[in-house]
Amino acid sequence: MTIASFLSRHRRVVVLCAVTAVLHYAAIDWVGGRLSAQTHRPSELPASLMTAQLRLALPKRVESAREVTVEPLAAAPRKPAVPSRPVVEPVVAPDAAPTAVVEEVAAAMGSIEQTGAAQAQTGTPPPAVAQGETPAAVVPEPAPLQGMRRYKVNLPPSAVFDMSVDRVDADGTKWTGSATMTWHTDGSRYQASVEAGVSVLITRINLLVLRSEGEIDDYGIAPASATEKRARRAETATHFNRADGTITFSASERSYPLLVGAQDKTTVPFQLGGIGRADVNQFGSDIDIQVGEEKEATIFRFQLVGEEEIDTKLGKLVTWHLSRPPKPGTYSSRLDIWLAPGMNWYPVQIRNTEASGALTTQTVSNIKMTDK
């Protein structure tokens, strides 16, 4: 059988096969074009924020230096009472000028006051001062500030945090609420706040309001003032006096030396985040931070517990868990902070465990980065 006769007998089959092949090719080309157009067509939906779940190698543990103990500054000694002196009428020569007499009397009185004060303090008279000479004032030298470890700090960008609050009292009673945490910095100054409350029936009661403001220096956050307002309590203030190197309080007459890198309760989580952003290896040893609270300034020693995944309304977040355990004789509560390396090292969970067993946990539910 020749090819011509085969094609003549099976022409219909050959035509059908050719038509089928052409149709398949056309269909494949059309589908490919449609898929390409859909792939490159811009979406009408707004872009969503994607979170990078970083898993960083934990730093090698390094032995920490001995913890610094900060004692309150001694109160300034009160001036001893000077015994009353009889009033002595000066004898004025007829030709003496009134101004000269006043100056002589003032010099004499000043000499008597200095002599009496020195005798009351030391029991011995001061050196004699020649008439007409003014004794030099003795200015005590300020006590040297105690040193603290200096950390590299790269503070996170400004953001507003919505937090869910869960509290369990010592007797097992459970409360739920919400909190708002704000952090704003322009690179030279900052403002931070925390407002936390619980939900009761159809209302919300603010339990705690913290505010802090100050500058950014070579040591990170440098608070100038911090306030704390608790339910049914008066607002208290903590002042970081950098001019004279002290921390003072509205609720206490005590003062403490202001150490480098000192923080308040509002700024501690962000300072820790800045330490992690700058160099994760700094968490290889304990982190010591002086913290000014309502009536005192103590050293918080944070230890890296490890990497943990926590459940939030943003999904599972990879975090680094830092903990400040109780310190007998100083503070009795435990403070835990979870930082998210994949989210600018923001604090995404904070937990306070009181000595009574009461537990308060704040967990992030939304983060909005801001430039205001």
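Let's start at the largest pocket: its lining is made up of 18 nonpolar, 7 polar and 14 charged residues. (Ala, Val, Leu, Ile, Met, Phe, Trp, Tyr, Cys and Pro count as nonpolar, Asp, Glu, Lys and Arg as charged, and the others, Gly among them, as polar.) This is a predicted model, where local features need pLDDT of at least 70 and side-chain atom pairs count only at pLDDT 80 or more, while totals for chains, interfaces and linings use all residues. Residues are numbered from 1 along each chain as its sequence is written, and side-chain values use heavy atoms, leaving out hydrogens and water.

**The chain as a whole**

- The protein chain has 4 helices and 15 strands; these are DSSP runs (helices are H or I with at least four residues, strands E with at least two), numbered from the N terminus.
- Of its 372 residues, 33% count as buried, where buried means under 20% relative accessible area, exposed over 50% and partly exposed in between (1.4 Å probe, protein chains only).
- Take the contacts with a separation of 6 or more: 52% of them are between residues 24 or more positions apart. A contact means heavy atoms within 4.5 Å.

**The largest pocket**

- Its volume is about 1,300 Å³.
- There are 39 lining residues, and the closest to the centre are Leu208, Arg230, Lys265, Asn352 and Glu354.
- Strand β3 (residues 189-200) gives the most to this lining, with 4 residues.
- How are such spaces found? On a 1 Å grid over the protein atoms alone, a cavity is a set of points where a 1.4 Å probe fits but cannot get out, a pocket is an open set with protein on both sides within 12 Å along at least five of seven lines, and lining residues have an atom within 4 Å of a point.
- Grid points are joined across faces, edges and corners, and a volume is the space filled by probe spheres set on the points.

**The two cavities**

- The whole structure holds 2 cavities of 30 Å³ or more.
- The largest cavity has a volume of about 100 Å³, and 13 residues line it, with Arg149, Tyr151, Val260, Gly261 and Gln271 nearest its centre.
- Strand β10 (residues 287-292) gives the most to that lining, namely 3 residues, and by class the lining divides into 7 nonpolar, 3 polar and 3 charged.
- The second largest cavity holds about 90 Å³ of space.
- It has 13 lining residues too, and Ala226, Thr227, Glu228, Thr238 and Gly292 are the closest to its centre.
- Two or more residues each come from β5 (220-230) and β6 (236-241), and the lining has 3 nonpolar, 5 polar and 5 charged residues.

- Strand β9 (residues 263-264) contains Gln263, and β9 runs parallel to β10, joined to it by 2 bridges. (Two strands pair if DSSP finds at least two bridges between them.)
- Gln263 stands opposite Val291 in β10, and Gln263 counts as buried because its relative accessible area is 0%.
- Helix α4 (residues 268-278) is mostly covered, with 9 of its 11 residues buried, including Val268 and Gln271.

- Thr319 sits in strand β12 (residues 315-324) and is buried because its relative accessibility is 0%.
- Thr319 and Val348 are 29 residues apart in sequence, yet 8.2 Å apart in space, C-alpha to C-alpha.
- Beyond four places in sequence, Thr319 touches residues including Gly306, Ile310, Trp338, Pro341 and Val348.
- Most residues other than glycine have a negative phi.
- Asn344 has a positive phi, near 60 degrees, and Trp345 has one of about 60 degrees.
- Asn344 is in the loop between β13 (334-340) and β14 (346-353), and Trp345 is in the loop between β13 and β14.
- Asn344 is partly exposed because its relative accessibility is 24%, whereas Trp345 is buried at 6%.
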